[in-house]
Amino acid sequence: MKQGKISALQLFYVMIGFEIGNSIIFGTAAGAKQDAWLAILLSMLCGLILMWIYTKLSDYYPGETLVQMLPKIIGKFLSYPLIVIYALYFLYLACTACRDFGELIASTILTETPMILVIGIFMVLIVYCLRGGIEAFGRMGEIVFPIYVLILVTLWILMLVGAEFDSRRLTPVLGNGIQPVLGAAFPPVQSTLTFPFGETVLITMLFPVLNNKNNIKKVGMATILIGGILLAVNSIIVISVLGPDIYGKEFFPFFTAAQMVSIADFLERFDALIIVMIVSGVFFKVGGWIYGSSIIISQLFKLKSNDSILIPLGVMVTSFSILLATSFIEHLEIALNFIGPYLHIPLQLVLPILLLGIAYTRKKFQA
């Protein structure tokens, strides 16, 4: 299968947009209360180790995706079920990200619009971009992500100067001990390590598209580091506006905090800016998952291009994003009780570590 090429900067924009795409709208590490930022930074450090594992696999099998590595590491018989599982895993996470987006839009600005219509139009844009190839996706990153960061920083500044901002809400640091921080940062429950840092396992499907393979580690590490810092700063500002209790109870605390901004009763109601930013971020999240799944399917069935399967995948994701839960509460419960322990941990953590160990052993005995 032929693939285009993108620069290191384009891959960085795509990956960091993917990493923080829908993460920033939730109460990340809310279980740690006012110490959420500490949990994020702690899991970021472990995320750097995970990224080292992902990129080290690329050192052993340069220019290959995870799908192409698996048969060489564990053999064809064991690899095919895992390849199918990864394809379904990526698709399932695309569905959950679409549902997050649909719930936010349907509950805030388009309250009378059917959610499937919101998600369907959004999916048309994603599939249209992906059918232009990875180069088009990379160029979108170059254009959209700087705008995303500009809007984010603007909202941060407005929150900082607003009357609602109170840094005392961040104290006492470690007032509840270290245990809540560790519980929010690490599995087995839904943790900041697996969401969003572990989700960068997607980069194992993008190794071949980088035009200079020597930049893989730099891009991967920068993605984790910059993404972690952005999420930590965001949690500090949002908690300072809302307080740790509301931060943990609100479905979309960032949106709530931004709506509270009022400067001299003149600058207020920044809903449009928030929605533009969120649409941009979720675009990379859903687009990344669908692209990764399409590459897996294309390589599994030895297709010349992934273009032919993008539309069917888009239809599937749109449909299942609505069907996967009857309500947003049920959707969140599934994410907490099923996705974390049964999908994230084995596919983001356990399997890559095992694969690296086997690959290292194979290379050592072959040398």
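1. Starting with the prolines: Pro196 sits in the loop between helix 7 and helix 8 (216–242), with helices taken as DSSP runs of H or I, at least four residues, numbered from the N terminus. The peptide bond joining Phe195 and Pro196 is cis, with omega about 20°. There is also a cis bond between Thr171 and Pro172, where omega is about -5°; Pro172 is in the loop between helix 6 and helix 7 (179–185).

2. Before you go further, note that this is a predicted model, in which local features need pLDDT of at least 70 and side-chain atom pairs count only at pLDDT 80 or more, while totals for chains, interfaces and linings use all residues. Residues are numbered from 1 along each chain as its sequence is written, and side-chain values use heavy atoms, with hydrogens and water left out.

3. Lys33, in the loop between helix 1 (8–20) and helix 2, has a positive phi of about 55° without being a glycine. Lys302, in the loop between helix 11 and helix 12 (307–323), also has a positive phi of about 55° and is not a glycine either. Lys33 is partly exposed at 34% relative accessible area, whereas Lys302 is exposed at 68% (buried is under 20%, exposed over 50%, partly exposed in between; 1.4 Å probe, protein chains only).

4. How do helix 4 and helix 11 cross? Their axes come within 9 Å and cross at roughly 160°, so helix 4 is roughly antiparallel to helix 11 (the cut-off is over 145 degrees; axes are lines fitted to C-alpha atoms over the stretch in contact, with angles from 0 to 180 degrees between N-to-C directions). The residues in this contact are 24 nonpolar, three polar and one charged.

5. Last, two buried residues. Phe137, in helix 6 (residues 134–161), is buried at 2% relative accessibility. Beyond four places in sequence, Phe137 touches residues including Val14, Phe283 and Gly287. Ser43, in helix 2 (residues 36–60), is buried at 0% and, with the sequence neighbours within four places set aside, is in contact with Ala185, Thr192, Leu193 and Phe197.

Note on methods
Angles under 35 degrees count as roughly parallel, over 145 as roughly antiparallel, 65 to 115 as roughly perpendicular and the rest as oblique. Ala, Val, Leu, Ile, Met, Phe, Trp, Tyr, Cys and Pro count as nonpolar, Asp, Glu, Lys and Arg as charged, and the others, Gly among them, as polar. Contact means heavy atoms within 4.5 Å.
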